Amino acid sequence: MRMSDFVVRDSIVVPLTATGKEGVIREMVEGLRAAGQFKNADVEDIIRAILKRELLGSTGIGRGVAIPHTKHPGVDKLVGTIAVSPGGVAFDSLDGEPVFVFVLLISPQDRPGDHLRALENVSRSLRNDHFVGELRQAKTRERVLQLLDGADEGWPG
Amino acid sequence: MSGEPLTKTVVITNPRGLHLRPATKFAQVAMGFQSNVQVVRQGEAFDGKSPLAMVSMFAPEGTELTIEVTGPDAREALDALVAVLEAPPPPEDEE
């Protein structure tokens with residue numbers, strides 16, 4: 001599985017305008033909806049599910065990145081999107097630092113293997129400081145896509 | 001140096017595998033100890049104190065992971081970390 005397999009290109013949000021946790025999640029879910037990934041009627045329920053998951057422990061796993069996610073019956077395959085906040089957002093991260101790069105994942109109900117594969121793939125890419133640094137500088141959706149393609153090809157740090 | 005690592009192999013029993021919450025919990029517990037912590041999955045070693053590294057492991061149900069701990073509080077660290085991996089999934093995992 002490659003990031004470009006599940007990141008919906010037309011849904012990428014660069015730059016985020018939201019400055020808080022709920023706003024970021026709302027903007028990203030809205031990006032996926034606008035790209036036609038689920039019904040309008042599912043938007044609020046998906047946002048609620050992602051926020052509920054955050055209450056169990058922040059998905060801001062340090063080093064300026066977060067991976068908010070949920071399972072939801074409104075999708076029939078795993079979909080994801082990426083967003084960049086140039087100024088950073090307080091996200092209750094494990095290291096207490098703001099988050100600049102967000103990767104949001106929505107999986108179908110009974111596909112834990114796909115979710116783990118996506119987490120593996122996303123976090124391996126996010127371990128690359130060069131990749132994260134370039135993402136943080138990205139000003140356009142096209143630049144993010146270019147970086148994703150580079151990460152999928154396993155470019156050296 | 002600190003000598004040979006203490007090790008223990010654990011099999012993941014959570015039907016959802018080592019997903020983000022248990023993986024980051026493991027790293028947080030590991031960070032509470034002085035010892036060096038590595039987790040080996042099929043010959044690949046991951047830094048047990050890095051949430052990002054732990055999340056990148058891909059360990060579905062049935063995966064064998066070997067925890068290797070080296071340092072002054074290795075025994076306590078190993079016991080605590082084995083407990084994290086062997087803990088039954090919380091009820092919210094089924095939602």
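In this predicted model, 23 residues of chain A touch 22 residues of chain B. Three residues of chain A stand out here: A:Ile61, A:Leu116 and A:Arg127 together supply 28% of the area that chain A buries against chain B, more than any other three residues. The whole interface buries about 2000 Å², with carbon and sulfur atoms giving 64% of that.

| Item | Value |
|---|---|
| Area buried between chain A and chain B | about 2000 Å² |
| Share of that area from carbon and sulfur atoms | 64% |
| Share of chain A's buried area from A:Ile61, A:Leu116 and A:Arg127 | 28% |

Now for a helix pair inside chain A. Helix α2 (residues 21-34) and helix α3 (residues 43-55) of chain A have axes that come within 10 Å and cross at roughly 140 degrees. That angle is why α2(A) counts as oblique to α3(A). As for handedness, the crossing of α2(A) and α3(A) is right-handed.

Which residues do the meeting? On the α2(A) side they are A:Lys21, A:Glu22, A:Ile25, A:Arg26, A:Val29 and A:Arg33, and they meet A:Val43, A:Glu44, A:Ile46, A:Ile47, A:Ile50, A:Leu51 and A:Glu54 in α3(A).

Terms used
Residues numbered from 1 in each chain as written. Chains lettered and ligands numbered in written order. Predicted model: local features only at pLDDT ≥ 70, side-chain atom pairs only at ≥ 80, totals over all residues. Heavy atoms only, no water. Axes fitted to C-alpha atoms, helices over the stretch in contact; angles between N-to-C directions. Helix = DSSP H or I, 4+ residues; strand = E, 2+ residues; numbered from the N terminus. Parallel < 35°, antiparallel > 145°, perpendicular 65-115°, else oblique. Left-handed = near helix turned anticlockwise from the far one by under 90°. Contact = heavy atoms within 4.5 Å. Buried area = accessible area lost by both parts, 1.4 Å probe.
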